[in-house]
Amino acid sequence: MTSRPIRESTAFIGEVGLYGEIRPVQQLSRRVGEVRQLGFKQCVIPRMKARGGKRGASLQSSSDFRVIECDSLKDAMRLTLGPKVSKENKSDDSYETDE
């Protein structure tokens with residue numbers, strides 16, 4: 001996979017399909033609001049289909065909270081992974097995902 005960890009300040013909401021697509025879940029606005037209250041800095045959600053062109057207030061990015069819409073798990077990883085962790089700089093409690 002990769003040696004790049006997901007940032008601790010990132011939350012993910014959605015259902016992952018067998019082909020890696022990210023699908024919507026019930027009460028998405030409410031869930032994003034909860035993530036915001038818990039102190040996360042960004043949240044990955046399924047890309048919203050245009051229905052009237054407006055998004056709820058809790059689905060809007062702000063200066064201290066970013067909402068990232070993605071179509072697939074591949075897109076989500078590309079947009080949210082932190083910098084690569086080198087083997088020399090890893091601490092004892094880190095994990096290795098390259099195999």
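**A first walk through a predicted model**

Buried here means under 20% relative accessible area, exposed means over 50%, and partly exposed is in between, using a 1.4 Å probe and protein chains only. Hello everyone, and let me take you on from there.

A word on the ground rules. This is a predicted model, where local features need pLDDT of at least 70 and side-chain atom pairs count only at pLDDT 80 or more, while totals for chains, interfaces and linings use all residues. Residues are numbered from 1 along each chain as its sequence is written, and side-chain values use heavy atoms, with hydrogens and water left out.

Now the overall layout. The protein has 2 helices and 5 strands, and from the N terminus on they run β-β-β-α-β-β-α. Helices (H or I, at least four residues) and strands (E, at least two) are DSSP runs, numbered from the N terminus. Of the 99 residues in the protein, 27% are buried. The accessible surface comes to about 7400 Å², and carbon and sulfur atoms hold 51% of that; these areas come from the Shrake-Rupley method with a 1.4 Å probe, and for residues only the protein chains shown count as cover. How much of the contact between residues at least 6 apart in sequence joins residues at least 24 apart? The figure is 64%, where contact means heavy atoms within 4.5 Å.

Back to T10, please. You will find T10 in strand β1, residues 10-12. Which side chain does the side chain of T10 meet in a polar contact? That partner is the side chain of Q42, at 2.7 Å. A polar contact is a pair of N or O atoms within 3.5 Å; within protein, one must be able to donate a hydrogen and the other to accept it, and residues adjacent in sequence count only if both atoms are side-chain atoms. Leaving aside neighbours within four places in sequence, T10 is in contact with F40, Q42, V44 and T80.

Is T80 buried or exposed? T80 is buried, with a relative accessible area of 0%. The T80 side chain reaches the backbone oxygen of A76 at 2.6 Å. Not counting residues up to four places away in sequence, T80 touches I6, R7, T10, F12, Q42, V44 and I68. Helix α2 also holds M77, which is partly exposed at a relative accessible area of 27%. M77 and V44 are 33 residues apart in sequence, and their C-alpha atoms are 9.7 Å apart in space.

Next, the inside. In soluble globular proteins, nonpolar side chains tend to be buried together. A nonpolar core, as I use the term, is a set of buried Ala, Val, Leu, Ile, Met, Phe, Trp, Tyr and Cys residues joined through side-chain atoms within 4.5 Å. The largest one here has 10 residues: A11, I13, L28, V32, V35, C43, I45, L59, F65 and V67. Two or more residues of this core come from each of α1 (28-37) and β4 (42-46), and α1 gives the largest share, 3 residues. Apart from this core lies another, of 5 residues, including I22, I68, C70 and A76. As for C43, leaving aside neighbours within four places in sequence, C43 is in contact with A11, I13, V32, V35, F65, R66, V67 and I68.

Finally, the charges. Side chains of opposite charge can pair when their charged atoms come close. A salt bridge is a side-chain nitrogen of Lys or Arg within 4 Å of a carboxyl oxygen of Asp or Glu, and by that rule the count is 4. One of them joins E15 and R23, at 2.7 Å from N to O. E15 is partly exposed at 40% relative accessibility, and R23 is partly exposed at 35%. E15, E21 and R23 are linked in a network of salt bridges.

R47 and D71 also meet in a salt bridge, at 3.2 Å from N to O. This pair links distant parts of the chain, 24 residues apart: R47 sits in the loop between β4 and β5 (66-70), and D71 in the loop between β5 and α2.

Then there is D75 with R78, whose closest N and O atoms are 3.7 Å apart. Because they are 3 residues apart in helix α2, D75 and R78 are separated by about one helical turn. D75 is partly exposed at 22%, while R78 counts as exposed at 57%.
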